[in-house]
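This report examines selected local features of one protein chain. The sequence and the structure are shown first.

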Amino acid sequence: MREIQCRLLVIGAGPGGYVCAIRAGQLGVDTVVVDAEPPGGTCLNVGCIPSKALIHAAEEFHRFEQLSSTPSMGISAGPARLDLGATMAWKNGIVERLTGGVATLLRKARVRLVTGRANIRDGKTVLVETPEGPVQIRTEVLVIATGSEPIELPALPFGGKVISSTDALALTEVPGRLAVVGGGYIGLELGIAYAKLGAEVTVVEAAPRILPQYDAELTRPVAQRLTQLGIRLLTGARAGGLSDSGALRVAGVDGAEDIQADKVLVTVGRRPRATASGVAGLRLEMAGPFIRIDERCRTSMTGVLAIGDVTGEPMLAHRAMAQGEMVAELVAGQRRAWDKRAIPAVCFTDPEIVSVGISPEEAAAEGREVVTGLFPFAANGRAMTAGDEAGFVRVTARPDTHEVLGIQAVGAGVAEMAGGFALALEMGARLEDIAGTIHAHPTRGEALHEACLRALGHALHI
Ligand code: FAD
Ligand code: NAD
């Protein structure tokens, strides 16, 4: 059997694992990364990137379709036509460019990429089944970055018309009727995209409202948009199995109902791959279904670290990347610890949602006194000129020092504001810092400036 020795072995080349490996390579650490799939993980192959490509294509199609029936801004268009197979091919091209790019970056950083399924023997030995036969890797430090996978409902196992997000990102025909089980991140991002592509969409959400991880004020413009798009929303409703005729059985607040559907997309959350691949044999301390880690991503076993979705919420690509970078620097001997004040969360619905830090609702639940300022895009010149005024920017701060504790926004294109919001929190900005910063005119970003002015009691444009 072929044998490889290294200082650092990373299992999983998703955003956590590949960033960890590249940074370690840059720092001269002898690094091997193993993945059974093309590098890039869930995010690049079947997650963030393909979903955002589909969402963008759906938005473009929808815009042309609307202009063909309802001229706007003096513009009209002929009937829009869609070839979903060609859209998927375009999306696959982007995925291939990015996964190929990661492989190049790993090579440039002198990281050895081993393709195959890894099986952990002990904290220092891993066996990999590669297409060329088994390889045994001996390492000084092991990083588990095995990510997560979709949760399957026992009554709705994946297969046939019941599909996962991965299947939904590979359809070549728009389903006539799409039932979405779970009105969270994936269900709404993809449900809205398919509605724009022409599917008749019903969303079945168990909680009393969509996106229960965000506050009601923030999600209201999204709920209103669902109605405008003709998406049927059933809240407080649980999906059962399929009836004999293939309809989706739903138990709702108003009783039971069968929903006719050509495809049933199940998006009820993701579970960490925290026990498979021989991880269970290490008997690591767990935090619920996740591997327990400390502020340096160390597990309960010396020399074994864990990063990304396998370590807990929020299961987001940029958190995994930041952990991966930190772990690489630790392995290279630098003094590092997890000291982030904010992990931005973005939901690519229509309109988009951004949240950084705490909301007024969370402050109230913690019994904290805060000042808040909200500025609607209806009073923002750029939003008006873009023809989309839904949503707002909202800021939450301490009443005594005015230190900003949280910023949220909902509106068209607000995802691009997430970095600025996170920077404000990381820098410990006060309301006066943002209010005293010149924000370019006319931009949607002025809404943050005005929200801070409003929290200080002297907004100018409202
Ligand atoms: P993963 O990306 O899951 O990578 C783990 C890797 O480990 C995989 O490549 C897997 O093949 C490999 N692996 C596992 N076990 C083994 C083994 N035994 N041997 C070899 N290889 C193994 N997050 C965002 O921040 N923004 C978004 O817009 C966003 N959109 C998403 C859309 C969808 C549809 C989905 C499903 C997820 C989305 N996410 C998004 C979440 C994001 O994809 C994850 O948070 C991120 O990929 C986690 O990175 P990771 O490195 O922890 O794990
Ligand atoms: P989610 O946790 O966002 O949403 C799942 C939803 O399903 C919840 O609202 C829950 O109440 C509902 N639900 C659970 N069981 C149900 C049932 N039996 N019937 C009806 N509803 C039920 O999970 P997801 O949408 O699968 O996404 C998984 C994770 O992927 C997210 O938590 C996030 O970490 C990541 N993600 C992030 C992005 C982004 O950053 N833009 C996009 C997609 C996915």
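Which side chain of opposite charge is nearest to the buried R444, and how many Å away is it? In this predicted model, the answer is D388, at 5.1 Å.

R444 is located in the loop that runs between helix 12 (431-435) and helix 13 (446-455). With neighbours within four places in sequence left aside, the contacts of R444 are F377, N380, R382, A383, A386, D388, A412 and M417.

## Packing of helix 3 and helix 6

Helix 3 (residues 48-69) and helix 6 (residues 185-196) have axes that come within 8 Å and cross at roughly 35°. The crossing is left-handed.

On the side of helix 3, the residues that meet helix 6 are S51, K52, L54, I55, A58, E59, F61, H62 and E65. Their counterparts in helix 6 are E189, L190, A193, Y194 and K196. By class, the residues of this contact comprise seven nonpolar, two polar and five charged.

Q136 belongs to strand 6 (residues 133-144). Its relative accessible area is 18%, so Q136 is buried, the cut-off being under 20%.

Although Q136 and I4 are 132 residues apart along the chain, 6.3 Å separates their C-alpha atoms. Apart from neighbours within four places in sequence, Q136 is in contact with M1, R2, E3 and I4, as well as with T125, V126 and L127.

## Backbone features in loops

A cis peptide bond, with omega near -5°, is found from D350 to P351. P351 is placed in the loop between strand 20 (345-347) and strand 21 (352-357).

Positive phi values occur at R110 and at H402, neither of which is a glycine. For R110, phi is near 60°; this residue lies in the loop between helix 4 (84-108) and strand 3 (112-115). R110 is exposed because its relative accessible area is 72%, where the cut-off is over 50%. For H402, phi is about 65°, and H402 is found in the loop between strand 23 (392-397) and strand 24 (404-411).

Methods:
Residues are numbered from 1 along each chain as its sequence is written. Chains are lettered from A and ligands numbered from 1 in the order in which they are written. This is a predicted model: local features need pLDDT of at least 70, side-chain atom pairs count only at pLDDT 80 or more; totals for chains, interfaces and linings use all residues. Side-chain values use heavy atoms; hydrogens and water are left out. Helices (H or I, at least four residues) and strands (E, at least two) are DSSP runs, numbered from the N terminus. Buried means under 20% relative accessible area, exposed over 50%, partly exposed in between (1.4 Å probe, protein chains only). Lys and Arg count as positive and Asp and Glu as negative; His and the chain ends are not counted. A salt bridge is a side-chain nitrogen of Lys or Arg within 4 Å of a carboxyl oxygen of Asp or Glu. Contact means heavy atoms within 4.5 Å. Axes are lines fitted to C-alpha atoms, for helices over the stretch in contact, and angles run from 0 to 180 degrees between N-to-C directions. A crossing is left-handed if the near helix is turned anticlockwise from the far one by less than a right angle, and right-handed if clockwise. Ala, Val, Leu, Ile, Met, Phe, Trp, Tyr, Cys and Pro count as nonpolar, Asp, Glu, Lys and Arg as charged, and the others, Gly among them, as polar.
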